[in-house]
Amino acid sequence: MPDNVVIVTLGCRLNVADTALLTSRLEAAGYRVVPDTTAEVAAVVINSCTVTAEAAAKSRKAVRRFRRQYPKAVIAVTGCAAELGGNGLKEAGADLVTPNAGKRELADMLKSAAVRQLPLSRQLPPVNFIEKASGSFPFRSRAFIKIQEGCDNRCTYCIVPTVRGPARSRNLEEVLQDCRTAVRAGFPELVLTGVNTCAYSDAGCNLSGLIEQIAAIPGTFRIRLSSTEPHPGDTSLLEIMASTPKVCRFLHLSLQYGNDRILRAMNRHYSASDYADFVQTARRLIPGIHIGSDLIVGFPGESDTDFAECSQLVGEIGFANLHIFTYSPRPSTPAAALPGRPAPETVKTRFESLRSLAATGARRFAESQRGKTLPVIFERSVNGVARGWSDNYLEVYAPESEVRLGVITPYIYR
């Protein structure tokens with residue numbers, strides 16, 4: 001009887017893709033990956049996050065929860081929270097804490113009787129890396145394909161280059177093989193993930209070229225890009241999206257702030273007007289595209305004027321979705337030493353104001369699509385009502401009798 005393993009994923013879509021690779025390696029080593037409702041479990045693997053202080057706290061909370069739930073199991077933590085001196089994970093009850101590079105060795109670590117004494121690898125893969133695994137996706141309706149790791153942008157608030165390392169890309173042929181495997185397995189959507197997917201480059205192939213090659217794989221499926229960085233001077237990605245029907249009309253385009261002074265303090269490499277122009281070009285080339293973004297409120301030095309300009313830009317762009325974060329100082333990042341953080345009550349007020357603008361943008365985008373026939377993948381059904389997502393990331397509901405689950409289905413959005 002194989003040993004049961006629970007894998008818990010916290011944080012970003014790249015962690016979801018890493019979990020798929022972890023699952024494949026554990027299954028190859030003879031483990032059986034099971035839901036966390038299973039009674040007998042030999043090990044729990046927590047793929048952690050530390051992008052904010054809250055995310056790091058959630059990682060520790062997960063360790064404590066599973067230590068209580070499975071007192072006899074080995075609790076192993078990997079991922080970004082495991083990179084920062086353990087992040088208090090051992091004190092929370094973890095038996096094994098291994099950084100991101102150790103994910104490749106985790107199956108062997110769990111099998112060792114001396115799991116607590118194993119040396120931890122911090123060896124990063126080379127620039128063009130090979131995972132030597134293909135993603136396995138139990139309990140998921142979409143395949144998350146890892147194409148890239150790390151980042152060279154060095155935004156002043158961001159811990160990711162510290163915990164994920166420099167930008168590097170996954171071997172082109174291995175990415176394509178992972179995609180072929182997922183399509184053969186019947187996944188109707190492939191989500192391309194990385195820290196900075198726009199930095200993809202292997203064997204002379206950039207992100208646009210990679211999309212072209214994936215789209216050429218036989219089968220009925222669609223391609224969705226995970227979070228991307230703005231490149232105002234380069235519209236080649238938009239052009240390939242516009243000309244490739246398999247690519248979803250979706251861009252989660254990280255803004256972070258809507259004012260030039262704060263963008264410079266963040267070491268972001270565009271202006272607010274550059275960003276707005278890029279969005280306008282995307283909407284012109286790809287009608288009906290869903291534009292989402294991330295925004296940080298409460299950055300050190302943020303003034304009333306800065307915030308007013310940011311709010312005006314957010315209102316003018318009208319995002320289809322907006323993830324708003326309160327600035328969280330991360331260890332050893334330049335912004336952590338900057339003076340002038342706004343008072344907590346000011347940050348809370350600004351957060352709520354942006355949330356209201358975000359809700360207005362989301363509502364207006366949804367209303368603009370009503371009555372249109374959208375390609376939808378209905379993922380599950382409850383009490384006779386099917387729920388799914390359109391290519392431009394609108395949540396769609398339909399009577400179960402009218403649709404098929406797990407395939408791309410044209411459906412009128414109401």
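Predicted model: local features only at pLDDT ≥ 70, side-chain atom pairs only at ≥ 80, totals over all residues.
Residues are numbered from 1 along each chain as its sequence is written, and side-chain values use heavy atoms, with hydrogens and water left out.

**View A. The aromatic pair of F66 and Y70 is stacked.** Rings of Phe, Tyr and Trp (its six-membered ring) pair if their centres lie within 6.5 Å; planes under 30 degrees apart count as stacked, over 60 as edge-to-face and the rest as tilted. The ring centres of F66 and Y70 are 6.4 Å apart and the planes stand at 5°, so this pair is stacked. F66 and Y70 are both buried, where buried means under 20% relative accessible area, exposed over 50% and partly exposed in between (1.4 Å probe, protein chains only).

**View B. F378 and Y411 form an edge-to-face aromatic pair.** The distance is 5.6 Å centre to centre, with 85° between the planes. F378 lies in strand β17 (residues 373-382) and Y411 in strand β20 (residues 408-412), so the pair ties together parts that are 33 residues apart in sequence. Helices (H or I, at least four residues) and strands (E, at least two) are DSSP runs, numbered from the N terminus. F378 is buried at a relative accessible area of 0%, and Y411 is buried at 9%.

**View C. Y393 belongs to an aromatic cluster and has a positive phi.** The cluster consists of F250, W389 and Y393. Y393 is not a glycine, yet its phi is about 60°. Its place is the loop between β18 (385-390) and β19 (395-399).

**View D. A203 also has a positive phi.** The value is about 55°, although A203 is not a glycine. Most residues other than glycine have a negative phi. A203 sits in the loop between β11 (201-202) and β12 (205-206) and counts as exposed at 66% relative accessibility.

**View E. Helix α6 packs against helix α7.** Helix α6 (residues 172-184) and helix α7 (residues 207-215) pack at an angle of about 40°, with axes 10 Å apart. Axes are lines fitted to C-alpha atoms, for helices over the stretch in contact, and angles run from 0 to 180 degrees between N-to-C directions. From α6, L172, V175, L176 and C179 meet L210, Q213 and I214 of α7, contact meaning heavy atoms within 4.5 Å.

**View F. Strands β6, β9 and β8 form an open sheet in the order β6-β9-β8.** The pairing is mixed, and two strands pair if DSSP finds at least two bridges between them. β6 (128-129) and β8 (148-149) stand at the edges with a single partner strand each, so one side of each has no neighbour in the sheet. β8 and strand β9 (residues 168-170) run antiparallel and are joined by two bridges. Q148 has S169 in β9 as its bridge partner.

**View G. D294 is a buried residue in strand β15 (residues 290-297).** Its relative accessibility is 12%. The C-alpha atoms of D294 and Q256 are separated by 5.4 Å, although the two residues are 38 residues apart along the chain. Leaving aside neighbours within four places in sequence, D294 is in contact with S227, H252, S254, L255, Q256, L322, H323 and F325.
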